[in-house]
There are 2 protein chains.
Amino acid sequence: MPDNTSLKPADLDNTPWDHKWGFADTEFVVHEDRTVELTGKRYNLSGYRMPDLIPYVEEVLGIDLNIHDLKPELEHKPIAPPVRNEGFCAAVVKEFKPDQYSFTDRDRLLHSHGQTTTDEVYKVLYGRLDRFADMVFFCESEADAKKIIDLARAHNVCLVPYGGGTSVSCALQLPPTEKRMIVSVDLRRMNKIEWIDRENLRACVQAGIVGADLEEELGKQGLICGHEPDSIELSTLGGWIATNASGMKKNRYGNIEDIVENITLITPEGVIEQKAPLCRSSIGMQPQNLLFGNEGNLGLITKAVIKIHPKPEVTRYGSLVFPDMETGTRYLYELAHSGVLPASIRLVDNIQFRFGLALKGRTDSALQKVMGDIKKFFVVKVKGFDPDRMVAATLVMEGAANEVAHQEKHLYRLAKKYNGLPGGAEAGQRGYMLTYAIAYIRDFVAKFHVIGETFETSVPWSKIRQVCTAVEKRLGEKHKEFNLPGKFYISYRITQVYHTGVCIYFMYALYTKGIDHPEEIYDRIEYSLRQAILENGGSISHHHGVGKLRKDFMNDTLSPASIEFLRRAKQCVDPQNIFGVSNNVFADGNEP
Amino acid sequence: MPDNTSLKPADLDNTPWDHKWGFADTEFVVHEDRTVELTGKRYNLSGYRMPDLIPYVEEVLGIDLNIHDLKPELEHKPIAPPVRNEGFCAAVVKEFKPDQYSFTDRDRLLHSHGQTTTDEVYKVLYGRLDRFADMVFFCESEADAKKIIDLARAHNVCLVPYGGGTSVSCALQLPPTEKRMIVSVDLRRMNKIEWIDRENLRACVQAGIVGADLEEELGKQGLICGHEPDSIELSTLGGWIATNASGMKKNRYGNIEDIVENITLITPEGVIEQKAPLCRSSIGMQPQNLLFGNEGNLGLITKAVIKIHPKPEVTRYGSLVFPDMETGTRYLYELAHSGVLPASIRLVDNIQFRFGLALKGRTDSALQKVMGDIKKFFVVKVKGFDPDRMVAATLVMEGAANEVAHQEKHLYRLAKKYNGLPGGAEAGQRGYMLTYAIAYIRDFVAKFHVIGETFETSVPWSKIRQVCTAVEKRLGEKHKEFNLPGKFYISYRITQVYHTGVCIYFMYALYTKGIDHPEEIYDRIEYSLRQAILENGGSISHHHGVGKLRKDFMNDTLSPASIEFLRRAKQCVDPQNIFGVSNNVFADGNEP
């Protein structure tokens, strides 16, 4: 993918893994010589040997990794027989085409969890989920959506909207207490662009479209949407709205709430939508505004009108290195308030910086190697950067050529004030694209008894250090408390900047060899880390959402009357709780 | 105010007019020589003779204005005796200080209408309102707010929040059908900045603070909020939220929904707020998002956390002239999508451009006059601009010096492509500041039987011309249908640009000499113009809101289930309809 023209190249087999992240042509594998390779040819990380990754893992976790000591994945994954509401089943058979519903174990299991929640994936691969979808329904039209809801009401069946399945908050976990038949409503067949309004730069798009496909289709007409969440290869427009998603290039294109101008949500009590997409308006209270982050609790999102853009004249990557995280953060602060921001800027800490280096191959040409050494010498010796403290920022600038030139000049000029040194466009592009490939890491290290995850928060500028320190401290305490082997791994990056704060994205990992039910310990630790975040001024989530994973922290987020309002508001559109996925304040544990 | 340091100078008497727009030291008066003067010294329009204004009015309305033929304002304005809920009154007397409540006719009348709705002001000055506030309560704290709501619940009294009183949508009109005692809750004593967080650039501000005072207070610490609605001298933070307000400099500082990070709303069922202000987060459905545009229907907004900014290093004005509106609009379109926008850019049509000229004095120095003539010659003769078609844009650029320089270069370079010519910084500043002074025009011309108003809408780029043409056509038809004397006046400006559309701000006026109940004809015409806007692709409002004036058009704006959802949602927080001001979908005519 070095040319950045497609995130789902048509010449590749885009079949996704069944229960793991990503596409089945891509996985990290370890060779006998302990080099690691990302299979396939999909990413710029694909197809070469990485000699430094295993040593990096060993170093940061303080372990010796036996590459033959694998944690065996279950071959036959257990699943309960479906709960069948016979009246409903008969009606579905009568009303829909045979290929629109499935009772197969595979389809049911695939729709019973998010693909990216460690807790859930762990249970699928090595244990057993608590509750399964009883039927999968493939929705093909707005009429289908209305009909399936009507049937669900008539027969008292629980419906759960399903998009890309990339939830990281247990939002797709099915409530074990749900006695009714649960139907997972897969919306990915609703993947058409209904219309494009070129002059007003709007498109009406069906909600089941996958991000990469949306960009592919728009790209054919010289257009883009520009919303690039890390999950763009798999996640859907409807899922973005339901999760209140954020894109890497939000500085230029906005987060999802800035992009969407109309949402069509089919609820049991009717269709919530505007009569037309609205440019900024004052129409009184806007029900639309409440739909961002609904997490599947209200109904089926069938389409949305989104802002689109002509393809930018120029996309330019860049990178900067700073002596340490504090200096880099001060740079971000000034940049964020300077009036000029690149489409994306991310600052990785020293540990993630070194992780990036560990993913390199040894295929550099002699010249590149020499150049690299010169740079390294300059950075470390001349500027006095400490290799164990230095950090890096990746930049993406987009727009008209003169605008990009202006941004670039501004970015690098300001960087000087903070001892920042340009690290080159290639490093920037590599850093930006790494996002897609490293998503496969978790499933790789899991094989070697390493359990890990990412989590994120938004934090006021003044609390960045405090939150990071608190998280690291808490993780250390828990690592000790649970008597886990080796060292704990924690690193972070700042992925978004705002006027009043930033998004911090943490990666952490624990070695769990010899530990019983590591996923339970993991859950307790993750919970405790979120507590630490909230106690120190961070938020419940920047863009992953709440789901069930973070439901207990809603009381730290909203006033009691706000929570009560949400519960009552749901009853206004779904009095029977047809959409009983029970996320957020509707989760069982959160009921009054 | 030419130095732009204060919108409510402390050395002036800032007493507002009782029922008209603005401050009592300022009004347009006509002298015997038919020159017009804006009294006082508050504005850059103040204190000189305008010889061209009366001729302009005569020309555009096709009338001969007799400056002695004045429409007499009622000296004693009628008011009904108050509806008194004795139990409630006794409780208020017991619980609050004597200066916190008032039954005087003056206070009651002042709180029974918006200061800027033609229909209402007309009734006050020349006729009679339908319903009056029965008591005015001056809320001084959050505890007061809770207590007055509790008393209102206990005694079944109707509460109506009151901020700056600058509503233009009949949102402050009291429902004639309301049988309960109506208490206007004036929040302007809650006008403190509670805290400032300089590092994270946030401030917690009580909701009753007037915009100009907010900027004054922040200014003492080198800070600004940057929200500048036309009403900033009088309107309040709480009012901005309730109306979903827009500021002239939104390109830099955002509209109100971009500025506010936490709202505290006291409802009969508790306090809707976040536990802390949130930088962008994904917390599930956000009740806060529903509060923008609540139009007083839900409760009392007592405070909000807002974004603040260091005072910009540079504020620079500018102006451009274009051969015609179409060309100017095409310029705006390209500029809006160029990635660089000044804090404010507004484009006035030829009629408003000439209106601006009609407000000039004859005090120009000889040199200025010569320069003016040269410019005029250049524009009209050399560039071939038609004086009856040319239009003007005013610009405000703010930020760091190098950013402002970049913006300026970009703006003027792009203007060349559209035959735009720089008109100078002075003209730009004058155009920007004119906004505040011309707000007094309506009350001036009303004396001479001229009834006029402004109204606004947001429109997709492609529909700008269609909407403007339709409005003008409809006004012509109505002018004929009602057999009104003279000609009708209509002009417009584009005041905001967005990715998918713009805000159009119309000014219109009708001569009603000899017409019975002109306010009724005016109402019917305004209604019909809004119909024309909606039929042609405009929205119900860009920033004025819906109130009662536009309530019938909500069915053209939201789906039936959306409207029903809002009605039910209100019941979740206000089951007794204590906040019975009945705006928007809660208006009588809009009930199911």
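Throughout the tour, a residue is called buried under 20% relative accessible area, exposed over 50%, and partly exposed in between, with a 1.4 Å probe and protein chains only. This is a predicted model, in which local features need pLDDT of at least 70 and side-chain atom pairs count only at pLDDT 80 or more, while totals for chains, interfaces and linings use all residues. Residues are numbered from 1 along each chain as its sequence is written, chains are lettered from A and ligands numbered from 1 in the order in which they are written, and side-chain values use heavy atoms, with hydrogens and water left out.

**Stop 1: the two chains**

Colour chain A and chain B separately. A rotation of 180° with 0.0 Å of shift along its axis brings chain A onto chain B, with an RMSD of 0.0 Å; the superposition is by least squares on the C-alpha atoms of residues with pLDDT of at least 70 in both copies. That is the relation of a two-fold axis.

Next, select the residues of each chain in contact with the other (contact means heavy atoms within 4.5 Å). The selection holds 83 residues from chain A and 83 residues from chain B. Of the interface residues of chain A, 100% are also interface residues in chain B, so the copies meet through the same surface. About 6500 Å² is buried between chain A and chain B, and carbon and sulfur atoms give 57% of that area. Buried area here is the accessible area (1.4 Å probe) that two parts lose on being put together, summed over both.

**Stop 2**

Select A:E257 and B:R280 to see a salt bridge with an N to O distance of 2.6 Å. Elements that give two or more residues to the side of chain A that touches chain B include α9 (256-259), α14 (401-417), β21 (501-511) and α19 (560-573) of chain A. Helices (H or I, at least four residues) and strands (E, at least two) are DSSP runs, numbered from the N terminus. Show α19(A), which gives the most to this side, with 9 residues.

**Stop 3: A:L558**

Select A:L558, in the loop between α18 and α19 of chain A. Is A:L558 buried or exposed? At 1% relative accessibility, A:L558 counts as buried. Leaving aside neighbours within four places in sequence, its contacts include A:I563 and A:L566, together with B:E273, B:Q274, B:K275, B:I283 and B:P287.

**Stop 4: helices α4 and α3 of chain A**

Select helix α4 (residues 118-126) of chain A, where 8 of 9 residues are buried. The buried residues include A:T118, A:D119, A:V121 and A:Y126. Among the elements that cover them are α3 (105-110), α16 (441-446), β19 and α18 (518-535) of chain A.

Move to α3(A), where A:D105 and A:R108 lie 3 residues apart, about one turn of the helix. These two residues form a salt bridge, with the closest N and O atoms 3.6 Å apart. A:D105 is partly exposed at 46% relative accessibility, whereas A:R108 is buried at 1%.

**Stop 5: from α16 to β19**

Select A:E453 and A:R442, whose side chains meet in a salt bridge (3.4 Å, N to O). A:E453 lies in strand β19 and A:R442 in helix α16 of chain A, 11 residues apart. A:E453 is buried, with a relative accessible area of 10%, and A:R442 is buried at 13%.

**Stop 6: chain B**

Select B:K447 and B:E27, a salt bridge with the closest N and O atoms 3.6 Å apart. B:K447 is in the loop between α16 (441-446) and β19 (450-460) of chain B, and B:E27 in the segment before β1 (28-30), 420 residues apart. B:K447 is partly exposed, with a relative accessible area of 22%; B:E27 is partly exposed at 25%.

Finally, select B:E398, in strand β17 (residues 391-399) of chain B. B:E398 is buried, with a relative accessible area of 4%. Leaving aside neighbours within four places in sequence, residues in contact with B:E398 include B:K249, B:R252, B:Y253 and B:T315.

Methods. Salt bridge = Lys/Arg side-chain N within 4 Å of Asp/Glu carboxyl O.
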